Amino acid sequence: MNSNSYLDSREIDKRIDELTEERLCFLRDKINGRNKTLRRRAWEETEEYSELTALVNLREEMNEPYWKDGITFIPEGIFEDYAREYAVDIGVIEDDVKWPACHINWSCAADDLKSDFHHVIYQNTVYLYRL
């Protein structure tokens with residue numbers, strides 16, 4: 001998952017399901033006659049294992065009842081862009097208007113908007129989310 005794109009809890013669940021299935025297939029397959037313990041160790045050295053572990057840890061850390069309804073996680077590095085999009089979405093400014101939007105300090109606007117958000121760290125990236 002890219003640290004420059006939004007994450008959605010429902011997509012995270014889908015990815016966990018995919019990786020869990022990959023894990024089961026990996027452990028079921030006979031890899032050069034290795035026993036189950038060696039296959040488990042081999043799985044734990046894969047990128048998929050690291051991703052699955054990180055996603056499961058994120059879901060458990062969140063422990064939010066809204067998880068299944070969908071929580072959008074916005075990388076802090078692109079939160080200013082999110083603030084601009086949000087201003088257009090709620091009708092504060094129009095998408096094609098240059099003035100006065102060109103005079104808005106979007107960095108300050110984004111910082112102010114952050115007060116309505118929580119944060120979580122996933123794979124060394126700070127993500128902001130609102131419940």
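These legends accompany close-up views of a predicted model. Local features need pLDDT of at least 70 and side-chain atom pairs pLDDT 80 or more, while totals for chains, interfaces and linings use all residues. Residues are numbered from 1 along each chain as its sequence is written, and side-chain values use heavy atoms, without hydrogens or water.

**View 1. The chain and its elements.** The chain holds 5 helices and 4 strands (DSSP runs, H or I of at least four residues and E of at least two, numbered from the N terminus). Their order is β-α-α-α-β-α-α-β-β.

**View 2. Lys114 and Glu76.** These side chains form a salt bridge at 3.4 Å, N to O (a side-chain nitrogen of Lys or Arg within 4 Å of a carboxyl oxygen of Asp or Glu). Lys114 sits in the loop between H5 (106-113) and S3 (118-122), and Glu76 in the loop between S2 (72-75) and H4 (79-89), so the pair ties together parts 38 residues apart in sequence. Lys114 is partly exposed at 23% relative accessible area (buried is under 20%, exposed over 50%, partly exposed in between; 1.4 Å probe, protein chains only). Glu76 is also partly exposed, at 36%.

**View 3. Glu80 and Arg84 in helix H4.** The closest N and O atoms of this salt bridge are 3.0 Å apart. The two residues are 4 apart in H4, about one helical turn. Glu80 is partly exposed at 29%; Arg84 is partly exposed at 32%.

**View 4. Arg130 and Asp116.** A salt bridge joins these side chains at 3.8 Å, N to O. Arg130 lies in the segment after S4 (125-129) and Asp116 in the loop between H5 and S3, so the pair ties together parts 14 residues apart in sequence.

**View 5. A salt-bridge network.** Asp13, Arg59 and Lys68 are linked.
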